[in-house]
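Here's a quick tour of a protein model, put together for someone who is new to reading structures. Keep the 3D view open as you go through the points.

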Amino acid sequence: MSGAVSLEAVDEDRVFPFQIEGEAVRGRLVRLGPAVDEILSAHAYPDPVANLLGETCALAALVGSNLKFEGRLIVQAQGNGPVRYVVCDYDTAGSLRGYCRFDPEEVAGLVAGFQRPGARALLGDGLFMMTVDQGPDMDRYQGVTAIEGETLALCAEQYFAQSEQTPTRIRLAVGQADSGEGAHWRAGGVLIQNIAGDEARGSTEEPWRRTEALFETLGEDELIDPLLPATDLLFRLFHEDGVRVFTPQALKAACRCSQERILGLLASFSAEERADMVEADGRIRVSCEFCSRVYEALPSDLDAAGA
C-alpha cells in the first residue's frame, strides 16, 4: 500500500492474540505505528528497503510475542542481493529495534525494473533465520532455511514448515499514513497456525482449510488502515466461525545502545587501533547502526575505564 491519507490512527503498537471459536486455530495480529516509524526514520532508507525492514519488524513482533519466557527473538535474512542483511530484534518486554544493510546503487537499479521488489528480489540467494536467546545462562536456538519465497511472509511460512512442522500462514504489509502531521510509516501483520489434532480433538484439517480460505480474503491495505480497529478486522475475517481476541501486548521502539556499551566496544580494540579512530578534534565517534545515535569518547575516557 502506498500513498498518504489524513486519518486518526487506532490500535497502534500492539499485538492482539486471538483464537477461532470452537476450532483448533490460533493467531496473532500486529499493528505498528510510532514504533516502526521511529525505526525506519532513523535511516534514509529507499522505500523498498524500508518496506522490507518494516515487514521484518512486524514478523518479529508476531512470532516473538508468543515466547513464554524472558528473552529475545532475532529475525534476520542475509543474501547476495542489493540488500545484504536485514534484522529485527524483539525482546519479551515488547521492545523492537531493526536495521538494514544495502547497496544504494544496486537497490536503485533493481527498482528501475520492479514496481515493488519483494524479499527475494532484494535479498537474492541467501538464508532466513530466527534466533531465540533466553539469556547468558542458556544456549541460543537458531533455525535456518534458504530464502525461497518471493516475499518475507512466504520465507517465514517456509521456515515454520521446515523447522517446526507447524502449518502457518502469514500476511505482512507496510505503508505510510498521514494523521495530520505528515506521512508516517505503519506496518501490520497476521499470523495463523493450525493446532495439531489428537484423540480428543480429532482431525483439524477441515477447520484449517476453511480458515485459510478466509485468510486469503485479507487485503494488505486492511492491515495498515489507520481507522480499522484490530477487533473489527478480525471479526470481518472470521465472523462466520467467531473469533475471541485476548488482551493485547504493547510494543515500542527501543535500542539497547548506551555510552557504557560503546566504551566497552572501544575497549575491545587495541591502543593502536583506537588511535586510528581519533578524529581531528581528538574525539572518537561511534554511530549505532540501529538507531543512528552518535556517541563520543575521549581517549582519556578509555584510559580511565582501564581499557
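What follows is a short briefing, grouped by topic.

Before you start, remember that this is a predicted model.

- Let's begin with an open sheet of six strands, whose order is 7-6-3-4-5-12 and whose pairing is mixed.
- Which strands stand at the edges? They are strand 7 (141-146) and strand 12 (252-253). Each has a single partner strand, so one side of each is left without a neighbour in the sheet.
- Strand 3 (residues 72-79) and strand 4 (residues 83-91) run antiparallel, and seven bridges join them.

- Helix 5 (residues 152-164) lies across strand 6 and strand 7, and it runs at about 115° to strand 7.

**The second largest pocket**

- How much space lies in the second largest pocket? About 310 Å³.
- This pocket is lined by 19 residues. Val63, Asn66, Leu67, Phe160 and Glu164 lie nearest its centre.
- Strand 2 (25-32), strand 6, helix 5 and strand 9 (183-194) are the elements that give two or more residues to the lining.
- Helix 5 turns up again here: the largest share of the lining, three residues, comes from this helix.
- Sorted by class, the lining has eleven nonpolar, four polar and four charged residues.

- Strand 13 (284-287) and strand 14 (294-297) run antiparallel and are joined by four bridges.
- Val286 has Tyr295 in strand 14 as its bridge partner.
- Strand 13 has two faces to compare: Ile284 and Val286 are on the covered one, while Arg285 and Ser287 are on the uncovered one.
- The hairpin has six residues between the strands. Ser292 is found in this loop.

- A bit of background first: most residues other than glycine have a negative phi.
- Ser292 isn't a glycine, yet its phi is positive, at about 70°.
- Is Ser292 buried or partly exposed? Its relative accessibility is 26%, so it counts as partly exposed.
- Asp13 also isn't a glycine, and its phi is positive too, near 55°. You'll find it in the segment before strand 1 (14-20).
- With a relative accessible area of 11%, Asp13 is buried.

**A buried glutamate**

- Glu222 lies in helix 7 (residues 220-223).
- Why does Glu222 count as buried? Because its relative accessibility is 14%, and buried means under 20%.
- Leaving out residues up to four places away in sequence, Glu222 touches Arg31, Thr217, Leu228, Leu233 and Arg236.

Technical notes
Residues are numbered from 1 along each chain as its sequence is written. This is a predicted model: local features need pLDDT of at least 70, side-chain atom pairs count only at pLDDT 80 or more; totals for chains, interfaces and linings use all residues. Side-chain values use heavy atoms; hydrogens and water are left out. Two strands pair if DSSP finds at least two bridges between them. Contact means heavy atoms within 4.5 Å. Axes are lines fitted to C-alpha atoms, for helices over the stretch in contact, and angles run from 0 to 180 degrees between N-to-C directions. On a 1 Å grid over the protein atoms alone, a cavity is a set of points where a 1.4 Å probe fits but cannot get out, and a pocket is an open set with protein on both sides within 12 Å along at least five of seven lines; lining residues have an atom within 4 Å of a point. Grid points are joined across faces, edges and corners, and a volume is the space filled by probe spheres set on the points. Ala, Val, Leu, Ile, Met, Phe, Trp, Tyr, Cys and Pro count as nonpolar, Asp, Glu, Lys and Arg as charged, and the others, Gly among them, as polar. Buried means under 20% relative accessible area, exposed over 50%, partly exposed in between (1.4 Å probe, protein chains only).
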